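Look at the model first, then read on.

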Amino acid sequence: MSVAPFRLALLDTKHDRAAFDSGSEPLNRYLREQVSQDIRRRVAACFVALAGENCIAGYYTLASTSLLLTKLPASIGKKLPRYPTVPAIRMGRLAVDQEFKGQGLGGALLADALDRSARSEIAAYALMVDAKDAVAAAFYQHHGFIALPDSPLALFLPLVTTQGLRMATSQ
Ligand SMILES: CC(C)(COP(=O)(O)OP(=O)(O)OC[C@H]1O[C@@H](n2cnc3c(N)ncnc32)[C@H](O)[C@@H]1OP(=O)(O)O)[C@@H](O)C(=O)NCCC(=O)NCCS
């Protein structure tokens, strides 16, 4: 997979949010109108892939969340401590501008979110996502995410998988 030279950064006021068009109006509107407030209130962090100086080619958001142990597949839940919930990180939104789709950027942003989550000193069991529809869910499944048995549009990937890979490569 070859990804064009994008630069990853925290969203900044100088980035051009108005020109971003993922083809999904709720995801465009969120970036234009809502995300700054969420950042100020510390309910989301927003990371962008920049093409050039200020052109946003893609973005994603991360925040803390928790997963009910009873919602996980039984085979996974039985290996976890018997607390009612397990800590997780939620990728609330992920979108790529239509001009940059199909070039590996969505996959690269997902990999960055997984790496960032696995590197955090604050423990989280998994990265979880709420897919907006079945097509988006297929994108996550393609990357190894597992759907919750009762909620097929809510998917998770245990971070221990990616952490193991990082430890192996850093030695
Ligand atoms: C979903 C989205 C982020 C994918 O971004 P993208 O940059 O076009 O995807 P990539 O080019 O990185 O694709 C990476 C891989 O995922 C695969 N893929 C892409 N979309 C897929 C889908 N819907 N189902 C299954 N696989 C998919 C690609 O074939 C590619 O596979 P490969 O690495 O084996 O070659 C983008 O299409 C988008 O912004 N959609 C609108 C918003 C959206 O649906 N967001 C999802 C969260 S709600």
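Helices (H or I, at least four residues) and strands (E, at least two) are DSSP runs, numbered from the N terminus. This is a predicted model, where local features need pLDDT of at least 70, side-chain atom pairs count only at pLDDT 80 or more, and totals for chains, interfaces and linings use all residues. Residues are numbered from 1 along each chain as its sequence is written, and side-chain values use heavy atoms, without hydrogens and water.

**Helix H1**

Just after H1, Arg-42 has a positive phi of about 60 degrees. H1 itself covers residues 25-40. Its 16 residues reach 23 Å from the first C-alpha to the last, close to the expected 22 Å. That expected span is 1.5 Å times one less than the number of residues. H1 has a kink of about 60 degrees centred on Gln-34. The bend at a residue is the angle between axes fitted to the seven residues ending there and the seven starting there.

Buried residues of H1 include Leu-27, Tyr-30 and Asp-38. Buried means under 20% relative accessible area, exposed over 50%, and partly exposed in between (1.4 Å probe, protein chains only). Strands S2 (45-51), S3 (55-68) and S4 (85-96) are among what covers the buried residues of H1. Glu-25, Arg-32 and Glu-33 are linked in a network of salt bridges.

**Strands**

Two strands pair if DSSP finds at least two bridges between them. S3 and S4 pair in the antiparallel sense over 10 bridges. Leu-68 has Thr-85 in S4 as its bridge partner. S4 and S5 (residues 126-130) run parallel, joined by four bridges. Met-91 has Val-129 in S5 as its bridge partner.

**Salt bridges**

A salt bridge is a side-chain nitrogen of Lys or Arg within 4 Å of a carboxyl oxygen of Asp or Glu. The count comes to seven. Three of them are listed here.

| Pair | N to O distance |
|---|---|
| Asp-130 and Arg-90 | 2.7 Å |
| Arg-116 and Asp-112 | 2.9 Å |
| Arg-119 and Asp-115 | 3.1 Å |

Asp-130 lies in S5 and Arg-90 in S4, so this pair ties together parts that are 40 residues apart in sequence. Asp-130 is partly exposed, at 35% relative accessible area. Arg-90 is partly exposed too, at 31%.

Arg-116 and Asp-112 are four residues apart in helix H3, about one helical turn. Asp-112 is buried at 13%, whereas Arg-116 is partly exposed at 26%. Arg-119 and Asp-115 are also four residues apart in H3.

Terms used
Contact means heavy atoms within 4.5 Å.
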